[in-house]
Amino acid sequence: MSTTSQGTRPAKLAGSDSVPKSPRPGAVSRQTRRTAYLMLAPCVIVLIVLAIYPMAFSGVLSFKVDPLYNPNVARFIGWRNFEDLFDDFRFWQSIRLTVLWALLVVSIQMVLGFLLAILLDRKMRGAGLLRSLIIIPVFVSPVAMGLTWRFIFEPVAGLANWIVNTGLGLEKYSWLSHKDTALSTLMIVDCWQWTPFVALILLAGMQSISPEISEAARLDRIRGATYYTRIVIPLIRPVIMVVILIRLVDSIRIFDLNFIMTKGGPGSATLMASVYDYTIFEQGHLGLMAAYGFLILILINIIVAIFLNTLYRAEKSARVADAN
Amino acid sequence: MHQTSLGRLINVLAIIVVALWLIPVAWVALTSIKPTKIINAPEPTFYSFTPTDEHYIEIFDRFMFHRAMINSLVTVGVSTLIVMILALPAAYAVARMGLMGGDIWALSILSLRFMPGVVVVLPYFKMANGFGLIDSQLALIIVYTAFGLPFAVWILRSFLLDLPKEVEEAGRLDGLSWMQIIFRLILPMARPGIAVTAIFTFVFSWNEYLFSLFLTYDKATTMPVALQKTIDLYNVLWGSLSAGAVIQLLPMILVVFLLQQHIARGLALGAVK
């Protein structure tokens, strides 16, 4: 690296000589811009080859029939894959389930996360330690914890059943293999993992509120719930929006936990989009899998667009209300 | 600060909530040192058992977990290094060099982070198949590089934007080249940001499952996929599973304490500091 920079040094010297003469501050010489593009190029090339190209490849594949176990018969079939999906009631079921899942878990996690953030927003000794401990679930792999949770919900030796049995006097139950409880069990695990994520980010937002503001609120005797609804939430609204957005997208994409804990079962009670897409792969319909993958991408974009649009309207009407 | 009794009560509540929240993590650690008979008993045992290392021995002897550990370390370590080498100049270019549409470049790169894995895993599978790279560390290194890069560029950019501009301007007046400015001036100042970015990049790939599931089956499997092999249709070895899970989790607990106050910033993609 040092040899290249030595080698180009005379040219760079000439370039930087012109900097003080530049008429506007912040104006960039052509040389600088060229260097900037050169520095950006390796990263962009890697992303084009490894992200954009695969996506385009998937796009092309979605118009083909391409059986995994018999690649020789691969050929273009137009919109057939998409038509097949739209005719498949399990496809619509998985889309409905995914949207329901995303809305429910994100709402629960936002509410619980906010409460948890308030609880941790304290100036006690060891508060930093508590914050470090509570975030551990976010950093553990969904596979390791998904399997551990399966053990916890195990019908005979599981901890959850022992608590339900001795604590509440209810019968032991096979949580993950009944279709009325499998989805809610999955939700419990997802909320366990991601509520701390929401809490920690909201907490960081709360702590960026300037002491003058919270002091003024205290002097005005604004306390408790009023303090949080009137002062905190409006101030950290941008942070709240970012958290909702990240969680929405990640919930729609969910694969690991869903796959590890239920594989979409029992029946199709927890068959969400990404896992359903995987089962199409297992059946060997590569074209169909690519088509569904693309529809998931579109679904994410639609939900994000709706979210941002509603947000924009709400902000606008709030501003109008303020003006009146 | 004046502590009211209500305040003290809330402090205690906070401690209790955090303790309850971590029960599953404690449970997996406890299970990993319990004898199998006690693990499978209908009544859970909390402390009255003789700790055993049988599951740790089994996960290495029978499931060859050390191979998965090495695969995880190599693929995640090497890809993190490549990501950082590619991301640093790119992040600097979009943050500081007055690139036209620098923010748009940065946002477009970030948007790739939200791509569903199932959309790209099939092309990866086909490409790896075509190059004979199925079940190789190289395939995972390449994929994890692509997978980590968008986040790394975005978050590094946010750290670089925090640095004072004056140092670089002085450097330019002294006639340093851009590369010299980055390596001699920026690198030392941005060290915490670079470390945080590298750790996050490492974590995401360390826990990654879908790509490893598609691209490896035996020689190159990483820990998340290897863990799942303790479970087959008829028999679940909860003890071995827990031992493997603990081995996979331990570095992450270290990571949490290393990242400290930077955690929220990384998780929120730079939206909070």
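**Figure 1. Contacts of A:L112 beyond its sequence neighbours.** In this predicted model, A:L112 is in contact with A:C191 and A:T195, leaving aside neighbours within four places in sequence. A:L112 sits in helix α5 of chain A, which spans residues 89–120. A:T195 lies 83 residues away from A:L112 along the chain. Even so, 6.5 Å separate the C-alpha atoms of A:L112 and A:T195. A:L112 has 17 other C-beta atoms within 10 Å. A residue counts as buried at 20 or more and as exposed at 12 or fewer, so A:L112 is partly exposed.

**Figure 2. A:R122 and its contacts in chains A and B.** A:R122 belongs to the loop between α5 and α6 (127–134) of chain A. Not counting residues up to four places away in sequence, A:R122 touches A:A127 in chain A. From chain B, A:R122 touches B:I10, B:N11 and B:A14. The C-alpha atoms of A:R122 and A:Q207 are separated by 9.8 Å. Along the chain, A:R122 and A:Q207 are 85 residues apart.

**Figure 3. Where chain B meets chain A.** On the chain B side, 83 residues are in contact with chain A. On the chain A side, 82 residues are in contact with chain B. Helix α14 of chain B, residues 238–259, gives the largest share of the side of chain B that touches chain A. That share is 11 residues. By class, this side of chain B has 67 nonpolar residues. It also has 13 polar and 3 charged residues.

**Figure 4. Helices α11 and α14 of chain B pack against each other.** Helix α11 of chain B covers residues 191–206. The axes of α11(B) and α14(B) come within 11 Å. They cross at roughly 155°. Angles over 145 degrees count as roughly antiparallel, so α11(B) is roughly antiparallel to α14(B). The crossing of α11(B) and α14(B) is left-handed. From α11(B), the residues that take part are B:V196, B:I199 and B:V203. They meet B:M252, B:V255, B:L258 and B:L259 in α14(B). The residues of this contact divide into 7 nonpolar, no polar and no charged.

**Figure 5. Chain B as a whole.** Chain B has 15 helices and 0 strands. Its C-alpha atoms fill a box of roughly 70 × 70 × 30 Å along the principal axes. Chain B has 273 residues, and buried residues make up 49% of them. Among contacts in chain B with a separation of 6 or more, 76% join residues 24 or more positions apart.

**Figure 6. Domains of chains A and B.** Chain A is divided into domain 1 (2–61) and domain 2 (90–323). The C-alpha centres of these two chain A domains lie 39 Å apart. Chain B is divided into domain 1 (5–56) and domain 2 (63–229). In chain B, 36 Å separate the centres of domain 1 and domain 2, taken over C-alpha atoms.

Methods. Residues are numbered from 1 along each chain as its sequence is written. Chains are lettered from A and ligands numbered from 1 in the order in which they are written. This is a predicted model: local features need pLDDT of at least 70, side-chain atom pairs count only at pLDDT 80 or more; totals for chains, interfaces and linings use all residues. Two residues are in contact if their C-beta atoms, placed from the backbone, lie within 7 Å. Helices (H or I, at least four residues) and strands (E, at least two) are DSSP runs, numbered from the N terminus. Ala, Val, Leu, Ile, Met, Phe, Trp, Tyr, Cys and Pro count as nonpolar, Asp, Glu, Lys and Arg as charged, and the others, Gly among them, as polar. Domain bounds come from an automatic or database domain assignment. Axes are lines fitted to C-alpha atoms, for helices over the stretch in contact, and angles run from 0 to 180 degrees between N-to-C directions. Angles under 35 degrees count as roughly parallel, over 145 as roughly antiparallel, 65 to 115 as roughly perpendicular and the rest as oblique. A crossing is left-handed if the near helix is turned anticlockwise from the far one by less than a right angle, and right-handed if clockwise.
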